[in-house]
Structure formats: C-alpha cells, structure tokens
Amino acid sequence: MESPLSPPIRIRPLKSTTITTKAARKNLEAFLEDFSSRSTSVQGGNTAVTVQLQKLATALKEERKREKKGKENR
C-alpha cells in the first residue's frame, strides 16, 4: 500500500524588499551553487529543481541584458 501524498508546504512571506535584477541573479546563482552541491549527493542526481533554478537564472540574465540595451537606446 502506498503512503498518501501530502501537499507541499505553504510559505508565506512576512515582508518583501525590492532588489535589482542583477542582485536577484547574483543571489540566485549563489543559492543554486550551494543547493546543487548539497542536493546532488543526497538525492543521487535528481536535478529537476536545479534545472528550473538554472532556467530562472538564465532568464534573469537575459532580462538584465534587455534592460541595459533599453537604457543605452534612450
């Protein structure tokens, strides 16, 4: 008999702070590096979360490039 599925934990932020895309990307890359080093050995190579975080980091980098390009064209 399989164990019942449990819903994911709900995280509710208490406050938020606005940061730049560049700062968000740097924070994400630092987290991704740390997360990747911890999770790969524990989960035996389950990389689904790592891949999604890498996609987010790439998207933030591209957004930053577009913002820079937009400021230069003004």
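Arg-25 and Glu-29 lie 4 residues apart in helix α1, so about one helical turn separates them. In this predicted model, their side chains form a salt bridge, with an N to O distance of 3.6 Å. The count of salt bridges comes to 1. Side chains of opposite charge can pair when their charged atoms come close.

How do the two partners stand in terms of burial? Arg-25 has a relative accessibility of 14% and therefore counts as buried, because the cut-off for burial is under 20%. Glu-29, with a relative accessible area of 32%, is partly exposed.

## Secondary structure and surface

The protein chain contains 2 helices and 0 strands. Of its 74 residues, 14% are buried. The chain exposes about 7000 Å², and carbon and sulfur atoms supply 55% of that area.

## Nonpolar core

Which residues make up the largest nonpolar core? This core has 6 residues in all: Leu-28, Leu-32, Phe-35, Leu-53, Ala-57 and Leu-60. Helix α1, spanning 21–43, and helix α2, spanning 48–72, each supply at least two residues of this core. In soluble globular proteins, nonpolar side chains tend to be buried together.

Leu-28 is one of the residues of this core. When residues up to four places away in sequence are not counted, Leu-28 touches Leu-53, Leu-56, Ala-57 and Leu-60. Among these contacts, Leu-53, Ala-57 and Leu-60 also belong to the largest nonpolar core.

Definitions and conventions. Residues are numbered from 1 along each chain as its sequence is written. This is a predicted model: local features need pLDDT of at least 70, side-chain atom pairs count only at pLDDT 80 or more; totals for chains, interfaces and linings use all residues. Side-chain values use heavy atoms; hydrogens and water are left out. A nonpolar core is a set of buried Ala, Val, Leu, Ile, Met, Phe, Trp, Tyr and Cys residues joined through side-chain atoms within 4.5 Å. Buried means under 20% relative accessible area, exposed over 50%, partly exposed in between (1.4 Å probe, protein chains only). Contact means heavy atoms within 4.5 Å. Accessible areas come from the Shrake-Rupley method with a 1.4 Å probe; for residues, only the protein chains shown count as cover. A salt bridge is a side-chain nitrogen of Lys or Arg within 4 Å of a carboxyl oxygen of Asp or Glu.
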